[in-house]
Amino acid sequence: PSITWTDAWHEGRRKVAIDPTTGLPHICFREYLGSDNYSLYYTRKRGDGSWTSPLEIATSLRRAYSVRLEVDSKGVVHVVHGFATEDVFGEANYIRIVNGAEDNFIPALGPYRVDDRVEIAVGSDDVVNLVINRPDDLDSGGPVTYYRSTNGGKSLSKIGDIHYGGANGRNGNADIYADQTGNVHFVYGSARDQARNGTQSVRYARFRD
C-alpha cells in the first residue's frame, strides 16, 4: 500500500533506529484503520536519500499501539510490537528483517497489557533483549517479562518475570538498555512496594549472562 509521511506522522508511536553499518535511519510506524485497529509498517532510508516502500509487518491488529525496533552490528533489524487479543490484554510479536524482507517471526510473547510498553535493546555482542509488561493490580505484582536471544533473533529464550517479589500491584512501563560490556539494565514502576510501606516506587535491575 501507499503510505504518505503525513499518515505516518498523525498515527503516532513511531520508532527510529540508526543502522551502525550505514549511519542511516530505519523506522516503524502505524496506520489507523478504524475501530481501534492498526497496521504496522517498516521502512529505511537509502544512501541516495530516498525511502524504501513501506513493508507491512502487521495487518489490522486491535490496539497495536506500541512498536519498537533496533538494528544490530550486521544491519539486521529486530522489531517487537504488541496488540490486544481481549479487551486490554494481549501479546507481543517479534519480527526479524534482513535486507528489507521479513526473515523470522516469533508470536505470542507475554504476558502483555496493551496500554503498556514493549521495549527492545541490542548489545554490542548482538544479543537481543526484550521486556514486556502486564501491569495488573495483583497481590503477586504484575509481571515484567524478560526475553533474550543469543543467536541473532533466530529464537528467543524466556528468562521470566524479573520484578522484585515485594513490588506488588501494577508493575510496568519498563525500559531496557544493553551496555557495551554485556550488562542489561532495566527500570520499571511499581504501584505498591513493600520496601516503601506499600507506596509507589521505581525499581532498577541489572542482569548479566
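A caution before the details: what you see is a predicted model.

I'll start with Arg63. It sits in the loop that connects β4, residues 55–62, with β5, residues 67–71. Is Arg63 buried or exposed? Its relative accessibility is 14%, and the cut-off for buried is under 20%, so Arg63 counts as buried. Leaving aside residues up to four places away in sequence, Arg63 touches Asp36, Tyr38, Gly82, Phe83, Ala84, Asp87, Val88, Val114 and Asp115. With Asp87 there is also a polar contact: a polar atom of the Arg63 side chain lies 3.5 Å from the backbone oxygen of Asp87.

Next, the hairpin. Strands β7, residues 89–98, and β8, residues 101–113, run antiparallel and are joined by eight bridges. Val98 stands opposite Ala101 in β8. Two residues lie between the strands, and Asn99 has a positive phi near 55°.

The largest pocket holds about 230 Å³ of space. It is lined by 16 residues, and those closest to its centre are Glu70, Val122, Gly123, Ala178 and Gln180. At least two lining residues come from each of β5, β9 (118–122) and β13 (167–178). By class, the lining has eight nonpolar, four polar and four charged residues.

The second largest pocket holds about 200 Å³. Of its 19 lining residues, Asp19, His26, Arg44, Gly75 and Asn99 are the closest to the centre.

Note on methods: Residues are numbered from 1 along each chain as its sequence is written. This is a predicted model: local features need pLDDT of at least 70, side-chain atom pairs count only at pLDDT 80 or more; totals for chains, interfaces and linings use all residues. Side-chain values use heavy atoms; hydrogens and water are left out. Helices (H or I, at least four residues) and strands (E, at least two) are DSSP runs, numbered from the N terminus. Buried means under 20% relative accessible area, exposed over 50%, partly exposed in between (1.4 Å probe, protein chains only). A polar contact is a pair of N or O atoms within 3.5 Å; within protein, one must be able to donate a hydrogen and the other to accept it, and residues adjacent in sequence count only if both atoms are side-chain atoms. Contact means heavy atoms within 4.5 Å. Two strands pair if DSSP finds at least two bridges between them. On a 1 Å grid over the protein atoms alone, a cavity is a set of points where a 1.4 Å probe fits but cannot get out, and a pocket is an open set with protein on both sides within 12 Å along at least five of seven lines; lining residues have an atom within 4 Å of a point. Grid points are joined across faces, edges and corners, and a volume is the space filled by probe spheres set on the points. Ala, Val, Leu, Ile, Met, Phe, Trp, Tyr, Cys and Pro count as nonpolar, Asp, Glu, Lys and Arg as charged, and the others, Gly among them, as polar.
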